[in-house]
Amino acid sequence: MSNLEDLYRDIILDHYRSPRNRGELPSPPAQRVEGFNPLCGDEITVYLNVEDDVLVDIKLTGQGCSISQASSSMMSSAVKGKSLDQVRDAIGSFKELMTVRESTLEQDGPPLEPDLRSLGELAALAGVVKFPVRIKCATLAWNTLSLALDEVTS
Ligand code: ZN
């Protein structure tokens, strides 16, 4: 195992053991949206407070495998305090990370390397796509966040 993989594993374990932004927000006014990944049994509830197109606060509850819990913790720290445009960009980048790698699994050519530097800690989850069944674990929090944003802005 390379040093980079060690680092990534440590980041994921750190978020799993010490999840960020854990808890609930009063709803209303917070937007509350639940997500579920039946393939693995992962559950998440996302609470959002949006003011003036800024995601001023986010809290999460839920339970599931280490990938789903680490990904939700990393998602919350990546988007808290960001403008809604930045949040949507982050969702797009993360989904691209999962999709690009997924498509490379079906080809024999050299893998397309996404720009991991722009993703910061989230790059730690890039290795998940070697295990396609876990992709839904990693994307659950992001899909749920995306739904919550749609409800806030509709
Ligand atoms: Zn899972």
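Predicted model: local features only at pLDDT ≥ 70, side-chain atom pairs only at ≥ 80, totals over all residues.
Me: Which parts does the pair of cysteine 65 and cysteine 137 tie together?
Reply: Cysteine 65 sits in the loop between strand 3 and helix 2 (66-79), while cysteine 137 belongs to helix 4 (residues 135-153), so the pair links parts that are 72 residues apart in sequence.

Me: Cysteine 65 and cysteine 137: buried or exposed?
Reply: Cysteine 65 is buried, and cysteine 137 is buried too.

Me: Switching to the fold. What order do the elements run in?
Reply: Starting at the N terminus, the chain reads α-β-β-β-α-α-α. That comes to 4 helices and 3 strands.

Me: How do strand 1 and strand 2 run, and how many bridges join them?
Reply: They run antiparallel, and 7 bridges join strand 1 (residues 31-37) to strand 2. Arginine 32, for example, has tyrosine 47 of strand 2 as its bridge partner.

Me: What's in the turn there?
Reply: Strand 1 and strand 2 make a hairpin with 4 residues between them. Glycine 41 is in that turn and has a positive phi of about 85 degrees.

Me: How many bridges for strand 2 and strand 3?
Reply: There are 9 bridges, again in the antiparallel sense, with strand 3 covering residues 54-63. Within that pairing, threonine 45 is opposite threonine 61 of strand 3.

Me: Which residue has the positive phi in that hairpin's turn?
Reply: Aspartate 52, at about 50 degrees. This hairpin has 2 residues between strand 2 and strand 3.

Me: Why is strand 2 described as largely enclosed?
Reply: Because 7 of its 10 residues (the strand spans residues 42-51) are buried, strand 2 is largely enclosed by the rest of the structure.

Me: What about the chain overall, how much counts as buried?
Reply: 43% of the 154 residues. The chain exposes about 8300 Å², and carbon and sulfur atoms supply 50% of that area.

Me: Last one. What share of the contacts join residues at least 24 apart?
Reply: 65%, taken among contacts in the chain between residues at least 6 apart in sequence.

Methods
Residues numbered from 1 in each chain as written. Heavy atoms only, no water. Buried < 20%, exposed > 50% of the residue type's maximum accessible area, 1.4 Å probe, protein only. Pairing = 2+ DSSP bridges. Contact = heavy atoms within 4.5 Å. Areas by Shrake-Rupley, 256 points an atom, 1.4 Å probe, with all protein chains shown as cover.
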